[in-house]
Each structure stands twice: as C-alpha cells, then as structure tokens.
Amino acid sequence: MIEGMTALYIFMLAAFTGYEVIARVPVILHTPLMSGSNFVHGIVVVGAMVALGNAETATEQVIGFIGVLLGAMNAVGGYVVTERMLEMFKSSKEN
Amino acid sequence: MQLVIDVTYFVAAALFILGLKRMSSPKTAVGGILWAGAGMLAAGFITFFVPGMENYGLMIIAIAIGSVVAWVSGKRVAMTDMPQMIALYNGMGGGAAAAIAAVELIKGEVHSAAAIWLAVIGAVIGTVSFSGSLVAFSKLQGWMRKSLHFAGQQLFNLSLFGVTLGLGIWIASGDPGTGVIISFFVLALIFGVLMTLPIGGADMPVVISLYNAFTGLAVGFEGYVLNNAAMIIAGTVVGAAGTLLTQLMAKAMNRPLSNVLFKKFGAAGGEAAEVGGSLKPIEADDAGIMMAFADKVIIVPGYGMAVAQAQHKIWELAKLLGERGVTVKFAIHPVAGRMPGHMNVLLAEAGVPYDLIYDLDEINPEFETADVALVIGANDVVNPAARNDPNSPIYGMPILDVDKAKNVIVIKRGTGKGFSGVENQLFFADNTRMLYGDGQEMAAKLIQAVKEL
C-alpha cells in the first residue's frame with residue numbers, strides 16, 4: 001500500500017523526471033515524442049483491467065469494459081504510430 | 001505473486017522513463033519506443049495474475065477489439081493525418097482513466113479520503129481530455145469546420161465548470177448515489193466539448209498536447225486510487241513532460257497558452273498595412289535553371305507541400321541539385337505542418353535525412369548567403385509582416401527570413417491568403433517570383449528543367 005506522503009514523493013520525483021527527460025529534445029522530434037508520451041500513458045489499460053476485474057454489478061462491468069477497450073486502443077494505437085514515425089528518421093550518413 | 005507483480009510494474013516504469021529519454025534523440029529514438037513497448041507488454045501481461053479478479057472473458061474481448069481496431073487504424077493513417085490520430089488515441093486514454101474513476105466511485109470502496117479526492121480530480125481531467133480530444137480530432141479531420149462562438153461563452157463555460165466541480169466536491173465529501181455521479185461525468189463531458197469548440201484549427205496542436213498532459217495526470221491520479229505505482233509514475237512523468245512540450249509548442253507559435261484557450265485568433269489588432277508592389281510570375285524552366293546554377297538553395301516546405309504530396313518530388317529535386325554541386329538545405333519552421341515536428345516526419349517519410357533539415361534558429365542567418373530560397377506550400381511562417389507590421393495578427397511570431405535570400409521562388413496553387421487570412425508581403429517583394437500550380441506538378445517540372453540542362 002502506498003501511503004500519503006510516499007505517494008507525494010513519488011508524484012514530485014516523477015514530475016521532475018518527466019520535465020528533465022524532455023527538456024533538451026530538438027524540435028524535429030516534437031511530434032514523435034508527443035506520440036511516444038501518449039503511448040506511455042497507455043499504461044492506463046492496466047488500471048482499467050484491475051477495475052474491470054473487480055467489477056461486480058452490470059453497470060460496473062459495462063464501464064470497466066469500456067475502460068479496458070479505450071485503454072487498449074490508447075496503448076496499441078500510440079505504439080503503432082510512434083514506431084511508424086520514428087522508423088523513418090534516418091541520417092544521410094546511414095545511406 | 002504480489003512481489004513478482006510489483007517488480008514487473010517497477011521494471012515497466014523504469015523502461016518507460018528510459019524509453020522516453022531515448023526518444024528525445026533521433027539516433028536512439030526507435031530503440032526508445034521498443035523499450036517502452038516491452039515495458040507495456042510486461043505490465044499488461046502480469047496484470048492478468050493480480051489476485052482476486054474476475055471477468056477475464058470480458059477483459060480479453062475488450063483488449064482484443066481495442067488492439068485490433070487501434071493497430072489497423074494506426075498502420076493505415078497517412079502521415080499528414082498523424083496529429084489528429086494522436087489526439088484520438090490520447091482521448092481514449094483519458095476516457096479509460098475516467099472509466100476507472102467511475103467504477104471506483106460507483107463501487108464506493110475507495111480506500112482513503114485522499115484517494116477519493118484524487119479519483120474525482122482525475123475523473124474531471126480524464127473526461128475533459130476525452131471529449132476535448134474527440135472535438136480536436138473532428139476539427140483536424142475536417143468533420144467540423146466552424147469554430148463555435150456565442151455571447152457570454154466564457155462565463156457560461158466557467159459556470160459549467162463550477163457546477164461540475166461542485167458535484168465533484170459533493171461526491172468526494174459524501175455518498176450521493178449513482179445519479180449524481182452520472183451527472184458529474186456528463187457535465188464534465190459537455191465541458192470538454194464546449195471548451196474545445198471555440199479553438200481554431202491552427203491552435204489545435206497546442207491543445208492536443210495539453211490534453212496529452214491532462215491524460216497523463218489523470219492516469220497518475222487514478223494510479224493512486226488503484227494503488228498502482230507504475231500508473232502513478234508513468235502518468236506523472238507524461239503529465240510533466242506533456243506540460244513542458246505544450247509550453248514549447250505555444251512558445252514556438254508565439255501564442256501564450258492563455259491566448260490559445262481563451263482568445264480568438266486575430267481578434268485583437270487593427271488594420272493590417274497595405275501591401276505594395278506586384279506579384280511577378282515565373283516559368284518552371286527559368287526557376288529550374290536559377291536553382292541549378294546556384295551555390296546554395298534553401299527549401300522551405302509547408303503543410304501545403306504535404307497536402308499536394310510533393311515531398312518525394314522535392315527530395316528528388318534536392319538530390320539532383322546536390323549532384324550538380326549545389327548545397328541544398330531544408331528549413332523548417334517550428335509550426336510547419338499541423339504540429340511542431342510534423343514536417344520533419346513528413347520529410348523523413350520521403351527519405352530526406354534529418355541532418356539536412358535545419359530549424360529556425362540554425363537556418364535564419366544563412367538566408368543572406370543563399371542564392372535561391374524555394375518556398376513550397378508555406379505562407380504565414382515566411383511573412384515578413386510578422387517582423388515589421390505591428391498591426392498584423394501574426395506580428396511577433398518568429399518567422400523564417402526567406403525574404404533575405406537573393407532570390408525567392410514561391411510555389412503556390414493560387415493567389416489566395418494563408419491559414420491566418422493575412423496577405424503575405426513576401427509575395428510582393430522585388431526578389432520574389434511566383435510559380436503558380438500544383439506543388440507536385442511544379443516539382444516534377446523543376447526536376448525536368450534541371451535534368452535537361
């Protein structure tokens with residue numbers, strides 16, 4: 001169980017990490033990087049799976065199902081488009 | 001088992017951060033997405049073994065449908081449509097975060113007061129990101145052309161937001177029942193739509209980036225509700241990174257975020273200055289000769305080039321000129337294309353190596369030494385009015401100093417104005433020649449002209 005203060009520390013450190021990781025990114029990679037970070041929050045599918053797994057009533061099941069569906073689309077779609085874009089970036093020295 | 005699950009989530013979080021780090025340099029970028037992908041697969045797989053869960057059938061069906069739909073659409077989408085696709089997938093993530101909140105709130109078994117508050121806040125952010133992203137998608141996709149404006153709009157939106165927040169506080173501080181929870185989500189959905197409707201197409205990338213950060217935050221908050229460290233870390237990292245990326249984009253467009261969200265483009269400012277001079281056309285043969293005998297040519301592509309699908313031809317032209325000993329460079333404005341960095345993706349698709357592509361700060365001092373600047377499909381980002389006409393709506397926006405080149409050739413379909421509806425002084429300059437026609441066709445003619453020499 002992650003307690004209150006520990007969670008705060010995690011939030012703070014993760015926020016600084018996110019800021020630092022992106023800070024020096026060149027403009028040429030803005031679009032793929034946005035797509036990449038969009039993929040990373042696709043981890044939400046894991047949470048949606050847990051929510052659906054613990055759903056009891058029909059309402060909860062329906063909402064949980066939608067959650068997993070949307071989360072899976074976020075993760076898979078985010079991955080596919082990011083990979084497609086990054087795949088194309090080549091230096092003239094490689095050719 | 002719990003230990004294995006915890007360790008897997010930990011490794012996944014580490015892989016996400018390392019992956020994002022690698023994605024911020026072109027050399028390592030492809031590896032970055034693979035690392036992050038591996039982390040995602042591991043985290044998804046291990047979640048099936050979380051103890052005490054049911055509904056595995058539903059879970060697998062939902063994952064299968066979602067994955068197949070997203071995989072097929074992601075593989076098929078054209079590179080020009082990438083920004084709205086990112087918006088769409090991002091909206092899905094926001095919706096998923098909101099769904100988690102909805103299940104947990106309806107169930108009413110959230111473990112602590114802090115968790116309920118975070119569940120409610122995450123629900124608002126996730127829902128707004130969901131419906132807002134869908135509007136952003138529809139606008140960029142061209143399904144929704146007009147921006148909606150009505151009197152008292154901001155006040156109305158503000159009150160709507162207030163009511164939504166009020167319901168949220170009610171939910172967080174008591175046990176109001178399913179009806180209130182549903183109204184809360186419906187209002188948040190409507191707010192997301194109304195907040196995004198007035199924003200114009202040109203500002204949309206900044207908004208998409210903002211919603212990306214929103215979804216990240218929502219995921220982080222719901223991660224706390226579910227006591228899932230991987231979600232907390234991944235969500236918060238994206239929330240922070242997305243916020244920074246949003247600021248970088250807004251800065252590149254010279255549009256403070258508050259203006260993007262609350263001000264209509266071009267609403268301020270007086271009459272733009274009259275543009276003197278005349279438009280001077282040129283034939284493709286002459287333009288080709290001009291470039292073939294130049295020492296240095298700088299190509300300035302805009303979204304119009306991508307719409308005409310001329311990027312492959314332009315790269316062919318650049319290679320031909322290179323073989324003749326001409327130095328060819330590509331100059332990209334930060335907001336060329338639909339989104340910062342979008343044009344780089346489009347050029348990369350055509351095979352242009354990224355080390356021939358220069359951004360605004362690198363290339364601007366070089367225009368003075370360029371014999372020819374070839375502008376194709378770009379308009380506002382090369383308009384000198386941004387530098388010297390304080391009344392112009394685009395005044396203050398950083399531009400490419402194309403007008404300082406010895407000769408400027410502009411490939412343009414017709415005599416119309418740019419995306420912002422502003423007349424372009426560059427086209428009337430003494431050193432500018434207009435090459436009228438379809439981008440792809442004109443590029444082919446230029447290639448022909450150079451080849452025939």
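Biologist: Is B:Lys406 buried, exposed or partly exposed, and what is its relative accessible area?

Modeller: Each of these words stands for a range of relative accessible area: buried means under 20%, exposed over 50%, and partly exposed in between, with a 1.4 Å probe and protein chains only. In this predicted model, B:Lys406 has a relative accessible area of 46% and is therefore partly exposed.

Biologist: With which side chain does B:Lys406 meet in a salt bridge?

Modeller: A salt bridge is counted where a side-chain nitrogen of Lys or Arg lies within 4 Å of a carboxyl oxygen of Asp or Glu. Here the partner is B:Asp371, with 3.5 Å from N to O. The pair links distant parts of the chain, 35 residues apart, with B:Asp371 in the loop between H15 and S4 of chain B and B:Lys406 in the loop between helix H16 (385–388) and strand S5 (407–412) of chain B. Helices (H or I, at least four residues) and strands (E, at least two) are DSSP runs, numbered from the N terminus. At a relative accessible area of 17%, B:Asp371 is buried.

Biologist: Which residues are joined into one network by salt bridges that share partners?

Modeller: One of the salt bridges is that of B:Asp401 and B:Lys404, at 3.8 Å from N to O. B:Asp401 counts as buried because its relative accessibility is 10%, while B:Lys404, at 38%, is partly exposed. Shared partners join B:Arg387, B:Asp401, B:Asp403 and B:Lys404 into one network.

Biologist: Where in chain B does pLDDT stay under 50?

Modeller: pLDDT is the predictor's confidence in each residue, from 0 to 100, and where it is low, the predicted coordinates should not be read in detail. That stretch is residues 266–270 of chain B. The mean pLDDT of chain B is 88, and 95% of its residues reach 70 or more.

Biologist: What conventions apply to the values?

Modeller: Residues are numbered from 1 along each chain as its sequence is written, while chains are lettered from A and ligands numbered from 1 in the order in which they are written. Local features need pLDDT of at least 70, side-chain atom pairs count only at pLDDT 80 or more, and totals for chains, interfaces and linings use all residues, with side-chain values using heavy atoms and leaving out hydrogens and water.

How values were computed: Contact means heavy atoms within 4.5 Å.
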